[in-house]
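Please look over the sequence and the fold below before reading on. The text then walks through selected features, from the loops to the core and the charged groups.

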Amino acid sequence: RSLSGSPYVRGSRYPSAAAAAAGAEAEAPPITELPAEQAPPRAALPPRRNETNKRTAGTRELSDKERDALEGLLRRLTISRAAVREAMGFCLDSAAASVEVVETLQESLTILATPAPKKVARLLLVSDVLHNSSAPGVPNASSYRTLLQRALPPIFESLHGTLEGLGSRMGREMLREQVGRVLRAWHAWSVYPPNFLDGLDKLFQKGPNLPTPAPAQPAPTAADDLDGIPAGEAVA
């Protein structure tokens, strides 16, 4: 079972964006050999199907409706099993667009102003997606493991910023326990190499080894971020 108790069950309230229509391929007709002097030049062989799939897995773009749905799920997300299960089902049903889904998850977990409980809920979602990325019969689901491995270091660096920003010792200890529980589960599942997971823990506890310059602040725009706060506006 996954950390929040949310195994993936096909057929959520969202239609599957990743499933391909089933059906047997028509049998190819026999090839008639021509004499060598009449034979046309051979075309280059197409890439093998599995090689093509590796290059294109997860690269479909989310529609505007799908992106709005995902962002809405992230805004409303809590640590309840039902909420995490619903969001996880959407992510796996949209595995054909896993690249954009992971970009959205990373963005939602690296907004410094996001409250700690909301970040924990989103981290539980990431955990459930990872746990179910090997679910049988879900095309492209396995791409989440590779994509999230690249996204996790900046996510845990941002979690360190959240930890440092908490005003109470109790709040910091609670966040340490919640994040540590996720990391212990990933160790138990062998989802990534131990040294990678230890590096994530170090990023969360101590931050990056070298300070990075603060990025230039963009001019405020009318667009809202994932937490519904206008860009550039201070959080109360």
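Is N140 buried, exposed or partly exposed? This is a predicted model, and in it N140 is partly exposed, with a relative accessible area of 25%. That value lies between the 20% under which a residue counts as buried and the 50% over which it counts as exposed. N140 is found in the loop between helix 5 and helix 6. Its backbone has a positive phi of about 75 degrees, although N140 is not a glycine.

S190 likewise is not a glycine and has a positive phi, of about 55 degrees. This residue sits in the loop between helix 7 and helix 8. Its relative accessibility is 55%, so S190 counts as exposed.

In soluble globular proteins, nonpolar side chains tend to be buried together. Here the largest nonpolar core has 50 residues, and the members that touch the most other members are L125, Y144, L152, F156 and W186. The elements that give two or more residues to this core are helix 2, helix 3 (81-93), helix 4, helix 5 (116-131), helix 6 (143-165), helix 7 (169-189) and helix 8 (194-206). Helix 6 supplies the largest share, 9 residues.

Setting aside neighbours within four places in sequence, L125 is in contact with L74, L77, V84, A87, M88, C91 and L105.

K119 is in helix 5, and its relative accessibility is 0%, so K119 counts as buried. What does the side chain of K119 make a polar contact with? The partner is the side chain of S158, at 2.7 Å. Beyond neighbours within four places in sequence, K119 is in contact with S158 and also with L109, I111, L112, T114, L159 and T162. Its C-alpha is 8.0 Å from that of S108, a residue 11 places away in sequence.

The last stop is the charged groups. Side chains of opposite charge can pair when their charged atoms come close. With a cut-off of 4 Å between a side-chain nitrogen of Lys or Arg and a carboxyl oxygen of Asp or Glu, the model has 6 salt bridges. Which residues are linked in a network of salt bridges? They are R67, E71, R75 and E100.

R67 forms a salt bridge with E71, with the closest N and O atoms 2.8 Å apart. Both lie in helix 2 (residues 64-76), 4 residues apart, so about one helical turn separates R67 from E71. An α-helix has 3.6 residues a turn, so residues three or four places apart point the same way. E71 is buried, with a relative accessible area of 15%.

E71 also meets R75 in a salt bridge, at 3.9 Å from N to O. This pair too lies in helix 2, 4 residues apart, or about one turn of the helix. R75 counts as partly exposed at 34% relative accessibility.

The remaining link leaves helix 2. R67 and E100 meet through their side chains in a salt bridge of 3.0 Å, N to O. R67 lies in helix 2 and E100 in helix 4 (residues 98-109), so this pair ties together parts that are 33 residues apart in sequence. E100 is buried, with a relative accessible area of 15%.

Conventions: Residues are numbered from 1 along each chain as its sequence is written. This is a predicted model: local features need pLDDT of at least 70, side-chain atom pairs count only at pLDDT 80 or more; totals for chains, interfaces and linings use all residues. Side-chain values use heavy atoms; hydrogens and water are left out. Buried means under 20% relative accessible area, exposed over 50%, partly exposed in between (1.4 Å probe, protein chains only). A nonpolar core is a set of buried Ala, Val, Leu, Ile, Met, Phe, Trp, Tyr and Cys residues joined through side-chain atoms within 4.5 Å. Contact means heavy atoms within 4.5 Å. A polar contact is a pair of N or O atoms within 3.5 Å; within protein, one must be able to donate a hydrogen and the other to accept it, and residues adjacent in sequence count only if both atoms are side-chain atoms.
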